[in-house]
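This briefing goes through selected parts of the structure shown below, grouped by topic. Please keep the sequence and the 3D view at hand while reading.

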Amino acid sequence: MCDHDDWNPGARVRELSCRMVGWGSETGSDGEAEFGAKLAGLLREIPYFRDRPEDVHLIESHGEPARQNVVAIVRGSGARTLALAGHYDVVSIENYRELAALAFRPDELLAALTADLESRKLNAGEQRALDDFRSGDFLPGRGLLDMKSGIAAGIAVLEAFAADPDRQGNLILIATPDEERGSRGMRSMRDALPKLVAELGLQIEAGINLDATSDQGDGSEGQAIYRGTIGKALPFALAIGHSSHASYPFDGISAALIAAEITKAIEGNPELCDRGAGELSPPPICLEAKDLRGGYEVTTPERAWVAFNWLSHHWTAADLLRLFERTLEAAAASAIAQFNARAGRFAALSGAAPSASVANAELISIAALRERVEASGGAAAVARLQQVEGDLRHCDDPLELTRTIVNAMVVEAGITGPAVVFGLSSLVYPATHLTDAPADLAFAEALEAARLDHEGSGGRKLRYREYFAGISDMSFFGHRPSAADGAFVAANTPARTLIDRSQADALQFPVVNIGPWGREYHQRLERIYTPYGFDDLPRFLRRVTKHFLTRSCSS
Ligand SMILES: [Zn+2]
């Protein structure tokens with residue numbers, strides 16, 4: 001009963017993938033807003049949903065016109081349910097340049113890209129792409145790899161599940177918008193799921209995110225079961241100095257110096273890596289370093305801003321921000337100590353009167369800064385800040401948004417340097433990982449049984465990996481942050497639109513990522529490896545479904 005080697009999903013998954021790629025859905029575009037209804041229409045062509053159109057749900061997410069999450073449910077028996085999830089938004093087609101008109105037409109794009117690559121001298125990466133295209137095993141297209149082929153594999157599995165008269169358990173497919181920007185689709189889905197599954201009498205016991213992986217190797221790295229996902233935060237520091245005329249540097253303290261010392265302490269520092277499941281996370285890296293002065297002046301800058309991309313494996317946002325604060329404190333102290341020593345040396349050499357030494361910088365969290373704004377300016381100041389944030393409602397750069405708000409807060413609170421204001425300047429993506437809770441172990445067991453089954457039937461080898469390295473919806477799928485963590489993040493994030501507020505009843509279940517593999521996603525040469533994505537992947541997912549939902553199979 002677990003044997004379904006006669007199932008050949010390749011042609012169907014290819015057809016579904018190319019059809020969905022044809023519905024261009026760049027994040028934020030009208031195509032993204034139109035996609036949900038089109039996908040619902042496609043699903044209702046499947047015999048099961050033709051008979052039960054109400055089992056395809058459109059759930060409003062965000063935006064104007066509104067984007068929708070699509071939820072398709074195939075009922076079997078009992079409450080036990082496995083959820084498959086993927087995002088249908090895609091990144092911009094700008095990097096296709098003269099071939100942009102073909103970005104959503106994989107076969108024509110394949111011919112055009114091949115002709116382009118054959119017409120000129122190539123670098124190593126381009127040569128590899130040309131070899132890939134000539135092999136017949138790779139297909140290009142915006143969003144084909146990332147990740148409409150993943151959704152297509154999910155649809156094929158749903159279809160096969162629906163066609164099985166002896167099916168046990170239930171299977172749900174969830175397709176979401178906005179993954180590439182702020183995961184608003186998956187976050188709104190998370191908020192809607194408890195009510196939906198309660199009404200249907202279902203219990204989601206595990207989830208598979210179907211997102212893509214990409215690398216330049218032979219696929220053995222990317223064709224994998226990811227037991228967890230990496231987390232991300234974007235902590236910022238606004239260094240506040242005390243301006244001085246350039247001829248009298250020791251009359252003040254430069255914010256540029258403090259910010260430079262902070263950058264030096266953090267950039268690429270392996271001491272600041274997180275560790276989880278035996279793997280070290282990549283070190284933090286500076287995304288932005290700039291002073292906040294508009295024009296030219298012969299004085300030292302009063303404010304300088306640095307922001308860091310910081311990935312993690314198991315830290316909470318509070319763990320990360322505490323480490324950040326300690327690092328800032330030491331870096332600012334080091335900058336000021338060095339500056340004072342230089343002032344002393346200059347006085348000794350020049351015979352000038354020694355200047356007063358600069359005091360250590362005050363560290364100010366966003367929570368503390370909010371209190372100081374209220375204390376100094378009251379409700380009027382708070383209203384002015386809300387106006388600043390309101391004026392920025394169309395700003396989609398989280399760093400610019402945060403920088404502008406924090407700068408206005410510093411002015412309102414009348415903060416004088418030396419000081420360092422710090423907090424979080426983007427949506428926090430929590431890291432997740434399978435645990436040794438019984439539900440997680442049961443899911444892991446079914447995955448392993450499916451993997452052995454798949455390999456034993458001549459399928460491609462899949463390996464396990466601990467952390468999906470891309471930022472993805474997986475951070476919000478089946479994951480409920482603790483109330484304390486949520487409150488901490490909210491208190492330390494200046495921009496309210498960047499705060500994720502999960503509800504207390506959000507569902508929790510174990511989630512892994514298993515998705516298509518290929519190369520260079522988000523790039524012009526984005527391409528899927530079709531033998532795996534169109535064939536092995538749906539076969540494997542179907543085996544997981546059987547082993548997880550069918551009791552007799554998992555024994
Ligand atoms: Zn993706």
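Glutamate 445 sits in helix 12, which covers residues 438-456, and with a relative accessible area of 56% this residue is exposed. The model is a predicted one, and in it the C-alpha atoms of glutamate 445 and asparagine 269 are 37 Å apart, while 176 residues separate the two along the chain.

- Glycine 351 belongs to the loop that runs between helix 9 (317-350) and strand 16 (362-365).
- The relative accessibility of glycine 351 is 64%, and because exposed means over 50%, this residue counts as exposed.
- Between the C-alpha atoms of glycine 351 and arginine 539 there are 81 Å, for a separation of 188 residues along the chain.

**The zinc site**

- The zinc ion is coordinated by the NE2 atom of His87, by an OD atom of Asp146 and by two OD entries of Asp211, at 1.9 to 2.6 Å.
- The four donor atoms make angles of 52 to 146 degrees, and the site of the zinc ion is classed as irregular.
- Along the sequence, the donor residues of the zinc ion follow the spacing H-x58-D-x64-D.
- Since histidine 87 lies in strand 3 (residues 80-87) and aspartate 146 lies in helix 6 (residues 144-163), the pair ties together parts that are 59 residues apart in sequence.
- Histidine 87 is buried, at a relative accessible area of 2%, and aspartate 146 also counts as buried, at 5% relative accessibility.

**Threonine 176 and its surroundings**

- Threonine 176 is found in strand 5, which spans residues 169-176, and its relative accessibility of 0% makes it count as buried.
- The side chain of threonine 176 makes a polar contact, at 3.0 Å, with the side chain of aspartate 473.
- When neighbours within four places in sequence are left aside, the residues in contact with threonine 176 include His87, Tyr88 and Asp89, as well as Gly185, Met186 and Asp473.

**Strand 11 and its two partners**

- Strand 11 (residues 235-240) is largely enclosed by the rest of the structure, because six of its six residues are buried.
- In a regular strand, side chains alternate between the two faces of the sheet.
- From strand 11, Pro235, Ala237 and Ala239 point one way and Phe236, Leu238 and Ile240 point the other way, and all of them are buried.
- Strand 11 and strand 17 (residues 419-424) run antiparallel and are joined by six bridges, with alanine 239 standing opposite valine 420 and isoleucine 240 having alanine 419 as its bridge partner.
- Strand 11 and strand 15 (residues 303-312) also run antiparallel, joined by five bridges, and here the bridge partner of alanine 239 is alanine 304.

**Strand 17, from its own side**

- Six of the six residues of strand 17 are buried, so this strand too is largely enclosed by the rest of the structure.
- Ala419, Val421 and Gly423 point one way from strand 17, whereas Val420, Phe422 and Leu424 point the other way, and all are buried.
- Strand 17 is joined to strand 16 by four bridges, and these two strands run parallel; within this pairing, isoleucine 364 stands opposite valine 421.

- Four strands, in the order 4-22-21-7, form an open sheet whose pairing is mixed.
- Strand 4 (138-140) and strand 7 (213-214) are the edge strands of this sheet, each of them pairing on one side only.
- Strand 21 (residues 517-519) and strand 22 (residues 527-529) run antiparallel and are joined by two bridges, and arginine 519 stands opposite arginine 527 in strand 22.
- Helix 6 packs on this sheet and touches strand 4, strand 7, strand 21 and strand 22, with a direction that makes about 50 degrees with that of strand 22.

Technical notes: Residues are numbered from 1 along each chain as its sequence is written. This is a predicted model: local features need pLDDT of at least 70, side-chain atom pairs count only at pLDDT 80 or more; totals for chains, interfaces and linings use all residues. Side-chain values use heavy atoms; hydrogens and water are left out. Buried means under 20% relative accessible area, exposed over 50%, partly exposed in between (1.4 Å probe, protein chains only). A polar contact is a pair of N or O atoms within 3.5 Å; within protein, one must be able to donate a hydrogen and the other to accept it, and residues adjacent in sequence count only if both atoms are side-chain atoms. Contact means heavy atoms within 4.5 Å. Two strands pair if DSSP finds at least two bridges between them. Donors are N, O and S atoms within 2.8 Å of the metal (3.2 Å for Na, K and Ca); water is not among the atoms, so sites may look incomplete. Four donors count as tetrahedral if all angles lie between 85 and 135 degrees; four count as square planar and six as octahedral if opposite donors are over 155 degrees apart and all others between 65 and 115; anything else is irregular. Axes are lines fitted to C-alpha atoms, for helices over the stretch in contact, and angles run from 0 to 180 degrees between N-to-C directions.
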